[in-house]
Amino acid sequence: MISSSKLIMLALRLAETLDTEADALDQVRVSLTGMLAAVRSADSDALQFEAGNLQERAHNAAEFRAAHARQIELFFRVAGNTGTTIDELLDVLSGSPDSADVCATLKTHRQRIRDIAAESGRLVAAADYALRCAGQINHELIMMLHSVMQPDGGRVYTARGGTRTASNGRSMIDRIG
């Protein structure tokens, strides 16, 4: 049977990694916030800058995520149990009276990561919506300009002396909406 102090030491290392991962994810969130602000203000230089930062920061966060997955795997190998999640790790540690502090720390860091992920998800959804709206507006403007630049086809006089507009005439006024 492995000593609980060794498992607690491994759990403490995991807690440190989770804390660092949370910091890295927070930086990803900062980049997402910057990207959304750049999209809203139509600042292409800021958007390009934040996109570069986001890529680097997301890579760093992914590396910490992989590190914490390896640490969980090591914990279970040393413990002689099977498991892949922090909840399962906490179940193993719950049998030791000395592990209360490390369990609380792990739960705190895990919750911080979840909170940052939820906020980042909202930022991604907002940026996606803003970009799709901007793309749709751009498409509509191009279509409007295209129709304005087309010749109107002239006027056709009828036998009674009246005129009718050409068949490709489009109103610049939105009469529906």
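Select R110 and D87 to begin, where the two side chains meet in a salt bridge with 2.3 Å from N to O; the term is used here for a side-chain nitrogen of Lys or Arg within 4 Å of a carboxyl oxygen of Asp or Glu. This pair links distant parts of the chain, since R110 sits in helix α4 (residues 100–149) and D87 in helix α3 (residues 86–93), 23 residues apart; helices are DSSP runs of H or I with at least four residues, numbered from the N terminus. R110 counts as buried because its relative accessibility is 15%, whereas D87, at 41%, counts as partly exposed; buried means under 20% relative accessible area, exposed over 50%, and partly exposed in between, with a 1.4 Å probe and protein chains only.

Before moving on, note that this is a predicted model, in which local features need pLDDT of at least 70 and side-chain atom pairs count only at pLDDT 80 or more, while totals for chains, interfaces and linings use all residues. Residues are numbered from 1 along each chain as its sequence is written, and side-chain values use heavy atoms, with hydrogens and water left out.

Next, select R112 together with D19 and D23. Salt bridges that share partners join D19, D23 and R112 into one network, and the count of salt bridges comes to seven.

Finally, display helix α1 (residues 4–41) with helix α2 (residues 44–79), whose axes come within 8 Å and cross at roughly 165 degrees; axes are lines fitted to C-alpha atoms over the stretch in contact, and angles run from 0 to 180 degrees between N-to-C directions. The two helices are therefore roughly antiparallel to each other, a label given to angles over 145 degrees.

Key. Angles under 35 degrees count as roughly parallel, over 145 as roughly antiparallel, 65 to 115 as roughly perpendicular and the rest as oblique.
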